[in-house]
Amino acid sequence: MKERELIKKIAKLETINDQLSAELNYLERLTRALGFADGLKTLKAAALEMLESDHKKDKFN
């Protein structure tokens with residue numbers, strides 16, 4: 001691969017990284033505004049807990 005192509009790919013990956021970082025920062029602020037004390041970390045824990053609870057309910061039905 002030529003240097004020019006590599007530079008173009010790097011630029012594209014940097015753009016994607018910037019977009020993903022911005023989206024994660026937005027989601028972090030949004031989840032904190034909704035009351036999740038530690039943002040995405042707390043949301044993830046709550047979602048996993050809900051899935052586990054649903055899984056346990058399905059075992060008993």
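Helices (H or I, at least four residues) and strands (E, at least two) are taken here as DSSP runs, numbered from the N terminus. The structure is a predicted model, in which local features need pLDDT of at least 70 and side-chain atom pairs count only at pLDDT 80 or more, while totals for chains, interfaces and linings use all residues. Residues are numbered from 1 along each chain as its sequence is written, and side-chain values use heavy atoms, with hydrogens and water left out.

Alanine 37 is placed in the loop between H1 and helix H2 (40–60). With a relative accessible area of 58%, alanine 37 is exposed, where buried means under 20% relative accessible area, exposed over 50%, and partly exposed in between (1.4 Å probe, protein chains only). When its neighbours within four places in sequence are left aside, alanine 37 is in contact (heavy atoms within 4.5 Å) with Arg32 and Thr42. Between alanine 37 and alanine 22 there are 15 residues of separation in sequence and 20 Å in space, C-alpha to C-alpha.

Helix H1 (residues 3–33) includes leucine 27, and threonine 31 also has its place in helix H1. Threonine 31 is buried because its relative accessible area is 5%; apart from its neighbours within four places in sequence, threonine 31 is in contact with Phe36, Gly39, Leu40 and Leu43.

The structure holds one salt bridge, defined as a side-chain nitrogen of Lys or Arg within 4 Å of a carboxyl oxygen of Asp or Glu. In this salt bridge the side chains of glutamate 28 and arginine 32 meet at 2.9 Å, N to O. Glutamate 28 and arginine 32 are four residues apart in helix H1, so about one helical turn separates them. Glutamate 28 counts as partly exposed at 22% relative accessibility, and arginine 32 is likewise partly exposed, with a relative accessible area of 45%.

Surface patches are made of residues with over 30% relative accessible area and no salt bridge, with like charges joined within 9 Å and nonpolar side chains (Val, Leu, Ile, Met, Phe, Trp, Tyr) within 5 Å. A patch of positive charge on the surface gathers Arg4, Lys8, Lys9 and Lys12. Lysine 12, which is placed in helix H1, is exposed because its relative accessible area is 58%. A nonpolar patch on the surface is formed by Leu24, Tyr26, Leu27, Leu30 and Leu34, with about 460 Å² of accessible area together. Leucine 27 counts as partly exposed, at 30% relative accessibility.

Note on methods:
Areas by Shrake-Rupley, 256 points an atom, 1.4 Å probe, with all protein chains shown as cover. Lys, Arg positive; Asp, Glu negative; His and termini not counted. Charge placed at Lys NZ, Arg CZ, Asp CG, Glu CD.
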